[in-house]
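Hello,

Here is the structure I promised to pass on to you. Please have a look at it first, and then read my notes below.

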Amino acid sequence: MSLIKRFYLSLFISRRWYLLAVAVIILFVLAYGIPILFTVAQLLLLFLVVVTLLDYVVLFATRQPVEVDRVMADRFSNGDDNAVQLRIRNRYPFPVRLRVIDELPDQFQQRKFMMKTDLKSGADGVLDYSLRPVQRGEYIFYNINVYIKSPFQLVVRRKVVTAGTTVRVLPSFHALKQFDLLAMSQNLAESGNKRMRKLGHSLEFEQIKAYVTGDDLRSLNWKATARRGGELMVNRFTDEKSQQVYCLVDKGRVMKMPFDGMSLLDYAINATLVLSRVALVRQDKAGLLTFSDQIGTFLPAGRKTTQMGHILEILYNQQTRFLETDYEKLYAIVRTRITQRSLIVLFTNFESLTGLQRQLPFIRSIARQHLVLVVFFENTGLDQLRKMEAETIEDVYTQTIAEKFAYEKRLIVKELQQHGIATILTAPENLTVETVNKYLEIKARLAI
């Protein structure tokens, strides 16, 4: 019974076979009026049967007709394109036409994913595609289905390749690698970051170098100048090191809003990962705190080689909650656990001035002891409504309401700045670059 079932599941009839069968039927019908067509129909039917049997024999004579391997990383980067490769080898003694269906994880909801290729006898082929996950978690890849046609293309053989595997989708480490290399080369401007002019002197001495036009004359090192026979030498300073940078990630209901398939929490997590890495490369200490109606995970600031691994593992499992964030509990843990003055980067979202004013006393209390940077999001959907052309009275009402909400966002920025709290109001796709820019600006101003 299992052999019959395996035969039934593996055998398919192609569209070409059905077209030829329809042609035979039409010839038999026309033979009632044109008797000579009866012989033609018989010959065509005989040809169809013989070629079908021959096609079946050549397709099913080989036990392992094709070899297929799925090659990909053991982890995917959330919100980025991740490469997947299917390597195929034809073991038939003749060329074949293949239709490959890779059973993708359920999260992608791709029900019509299919690729086609032709392979010569004994040849190897590669099929490349990419996947962009928008949720963190475990993704399960299932089997690979290969539908094989011989040169006759009348019978189709299905080969099911067992290739089940699980891939972890982590916060965007592709961007992490990019910023990591640029930060180590001191060339972050290539990724869109601004070059900030330093105000004043840092306390961290770096080196003595030859004077060039534009160097601060107050940095002249007269002793080194005398040793070099009169060639002007200046002291060069670098950013202060070992300063603490904490990313506070809000997991409340305000962070559930979607944008381009990802939630605001996912964008905040990706920016946190990159900012932490840039801070560590700049010899600062990076820490992390997640919170909502309850305090989540707290990671003390440090710059050990394992710190980024700890941050990545913590961010991997974070999920939004449906309750309102408790800023009173946030203030309590910041006061007790973060005792040294630090840069506090608060990733959250405020949609109304009233929502800010409920939490403002706690944010101000944190700002008395630390340098606080509040990062929240523009509502890009409202911006589209504001810019569209109004054609009806309803459109005018919609644009007016959208403009009101956008104006409230600007009022929130002003309200925070009036209390000496730095802010970033940005679209989700620009969050990482804007946050790193602000961190570099703060370092340049020696504000921490």
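A residue is called buried here if its relative accessible area is under 20%, exposed if it is over 50%, and partly exposed in between, using a 1.4 Å probe and protein chains only. Strands (E, at least two residues) and helices (H or I, at least four) are DSSP runs, numbered from the N terminus. With that in hand, strand S10 (residues 155–161) has five buried residues out of seven, so it is largely enclosed by the rest of the structure.

Before going on, a word on the background. This is a predicted model, in which local features need pLDDT of at least 70 and side-chain atom pairs count only at pLDDT 80 or more, while totals for chains, interfaces and linings use all residues. Residues are numbered from 1 along each chain as its sequence is written, and side-chain values use heavy atoms, with hydrogens and water left out.

Which strands does S10 pair with? Two strands count as paired if DSSP finds at least two bridges between them. S1 is joined to S10 by three bridges and S9 to S10 by six; S1 and S10 run antiparallel, and so do S9 and S10. Val156 in S10 is the bridge partner of Phe12 and also of Lys149. The hairpin of S9 and S10 has five residues between the strands, and Gln153 there takes a positive phi near 55°.

Phe12 comes up again among the aromatic rings. Rings of Phe, Tyr and Trp (its six-membered ring) pair if their centres lie within 6.5 Å; planes under 30 degrees apart are stacked, over 60 edge-to-face, and the rest tilted. The whole structure holds 12 such pairs. Phe12 is partly exposed at 31% relative accessibility, whereas Tyr147 is buried at 12%.

Tyr246 and Phe298 are stacked, because their ring centres are 5.9 Å apart and their planes stand at 10°. Tyr246 sits in strand S14 (residues 244–250) and Phe298 in strand S18 (residues 295–302), 52 residues apart. Tyr246 is buried at 3% relative accessibility, and Phe298 is buried at 16%.

There is also an open sheet of three strands, in the order S2-S4-S7, with antiparallel pairing. Strand S2 (66–72) and strand S7 (124–131) are at the edges with a single partner strand each, so one side of each lacks a neighbour in the sheet. Strand S4 (residues 82–90) pairs with S7 over eight bridges, and Val84 stands opposite Tyr129 in S7.

Finally, the helices. The axes of H8 (residues 327–337) and H9 (residues 353–367) come within 9 Å and cross at roughly 10°. Axes are lines fitted to C-alpha atoms, for helices over the stretch in contact, with angles from 0 to 180 degrees between N-to-C directions. H8 is therefore roughly parallel to H9 (under 35 degrees; over 145 is roughly antiparallel, 65 to 115 roughly perpendicular, the rest oblique). Contact means heavy atoms within 4.5 Å, and the residues making it include Tyr327 and Leu330 of H8 and Phe362 and Ile363 of H9.

Best wishes
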